[in-house]
Amino acid sequence: MIFKDITDINFNGVDISSHHEFNHEKVYYYEDQETQLKSLIAIHSTKEGPAIGGCRYRQYDSFEDGLNDVLRLSKGMTDKNNVAGIPFGGGKAVIFKQGNKSNNLLKSFASFLNRLNGTYISAEDIGITLEDIIFIREHSEHVFDNVDPGPFTAKGLFYAIEQAIQTYFSENLVGKKIAIQGAGSVGRRLSEYLASSGAHVFISDIDRSKLSDIDNRNITCVDDSFSVECDLFSPCAVGAIFTKDSINNLKCKIIAGGANNQLLDASIAENLLEKGIVFIPDTLINSGGVIGLTKDYLKRDDVEIEQALRDIANRVKNLMVESQERSISIYQALNNRNL
Ligand code: NAD
């Protein structure tokens, strides 16, 4: 078993603190040969409280690929918690997928969490389910195990999209064309909220089985929603989908989705602005999940949670107006406020 604070060292050929994404408090590595666990936890900030953020279980091409993901995602969590006004810092974990996701592997991850004494609190993310977290909770108290964040994220996103459409078109959702990428925990619920408000939804998923039981006359399943001609495109699958090349295929007026880190790099926000596409950053609108996750910890009741989700829409309106008035991207307007 290896447990290492790798913040200030050269590890696996990478000088961690010189990495272009690094401005973090701590980065830890844990390896357990018996259970095949190889995992990284990045703690971006604990200034506002313990670092919170999900654990991602996926195949990475290399150690550096996983490091890149964990550094970007943990920084995004600090920004998201900050924008949402909840007293937590940002952190994230990744597990390098190798064989099967066994209970022993999850138990081993719990030991990793215990080493950090609550400076990082984990939750589900891609590849890690609420059931996995409930199992980890038997071996570590440093997880949020009593809430599925997906429904909260979807509801917060829905309010944000409703507001974005209202601000842009001065109209409600009836008849608006919305394309969604990903019919998972977030995308599927979002499609139902939008359809029941009269929008026409086009949804795609690389896993066609996720679409097989959709039976709603306002929802059309498509092979690829990225290039659908629409009023708003909502990425709810994976990150880094907007690149200098890929954005040439977009046929939407607004982008507002739940997927983390949608831009390959920050410069794409300016490219989208030049193309006349309003990009609403994920950190501004996908905080419903952390609002839901932390509700018991912060002893917030349902009324307070509903208000917190609606506040996401208020922030969208203010930043859309500010970016319009100053001719800057919402991304830039948001970053200026976070400084
Ligand atoms: P999920 O794993 O339940 O669903 C993602 C879906 O996207 C899957 O059905 C998958 O098959 C599909 N998919 C993957 N690549 C695709 C592609 N190229 N085109 C179309 N479909 C594709 O995940 P989720 O919980 O719904 O989260 C969606 C995104 O939102 C993720 O990026 C996640 O990190 C982010 N997010 C989720 C939450 C939450 O509360 N669940 C909170 C904040 C951010």
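The exercises below concern a predicted model of a protein with a ligand.

**Exercise 1.** Describe the surroundings of the ligand, beginning with the residues and ending with the elements that supply them.

Solution. 
Step 1. Count the neighbours: 24 residues surround the ligand, and the closest are Thr153, Val186, Asp205, Lys210 and Ala237.
Step 2. Sort the shell by residue type. It divides into 8 nonpolar, 10 polar and 6 charged residues.
Step 3. Look for contacts between side chains and oxygen atoms of the ligand. An N or O atom in the side chain of Asp205 is 2.6 Å from an oxygen atom of the ligand. For Lys210, the distance from a polar side-chain atom to a ligand oxygen is 2.8 Å. In the side chain of Asn260, an N or O atom is 3.0 Å from an oxygen atom of the ligand.
Step 4. Find how much of the ligand is covered. Taken alone, the ligand exposes 820 Å², and the protein buries 80% of that.
Step 5. Locate the site. The ligand takes up the space of the largest pocket.
Step 6. Assign elements. Two or more residues of the shell come from each of α4 (149-169) and α5 (185-196). Helix α4 gives the largest share, 3 residues.

**Exercise 2.** Decide whether Gln59, Lys155 and Asn261 are buried, partly exposed or exposed, and place each in the chain.

Solution. 
Step 1. Recall the cut-offs: buried is under 20% relative accessible area, exposed is over 50%, and partly exposed is in between.
Step 2. Take Gln59, in the loop between β7 (55-58) and α1 (63-84). Gln59 counts as exposed because its relative accessible area is 56%.
Step 3. Take Lys155, which is found in helix α4. Its relative accessible area is 25%, so Lys155 is partly exposed.
Step 4. Take Asn261, in the loop between β14 (254-256) and α6 (267-274). With a relative accessible area of 16%, Asn261 is therefore buried.

**Exercise 3.** Give the phi angles of Asn12 and Asn261, and state where Asn12 lies.

Solution. 
Step 1. Asn12 is not a glycine, yet its phi is positive, about 55 degrees.
Step 2. Asn12 lies in the loop between β2 (10-11) and β3 (14-15).
Step 3. Asn261, also not a glycine, has a positive phi of about 50 degrees.

Definitions and conventions: Residues are numbered from 1 along each chain as its sequence is written. This is a predicted model: local features need pLDDT of at least 70, side-chain atom pairs count only at pLDDT 80 or more; totals for chains, interfaces and linings use all residues. Side-chain values use heavy atoms; hydrogens and water are left out. Helices (H or I, at least four residues) and strands (E, at least two) are DSSP runs, numbered from the N terminus. Buried means under 20% relative accessible area, exposed over 50%, partly exposed in between (1.4 Å probe, protein chains only). A residue is near a molecule or strand if one of its heavy atoms lies within 4 Å of it. A polar contact is a pair of N or O atoms within 3.5 Å; within protein, one must be able to donate a hydrogen and the other to accept it, and residues adjacent in sequence count only if both atoms are side-chain atoms. Accessible areas come from the Shrake-Rupley method with a 1.4 Å probe; for residues, only the protein chains shown count as cover. On a 1 Å grid over the protein atoms alone, a cavity is a set of points where a 1.4 Å probe fits but cannot get out, and a pocket is an open set with protein on both sides within 12 Å along at least five of seven lines; lining residues have an atom within 4 Å of a point. A molecule sits in a cavity or pocket if more than half of its atoms lie within 2 Å of its grid points. Ala, Val, Leu, Ile, Met, Phe, Trp, Tyr, Cys and Pro count as nonpolar, Asp, Glu, Lys and Arg as charged, and the others, Gly among them, as polar.
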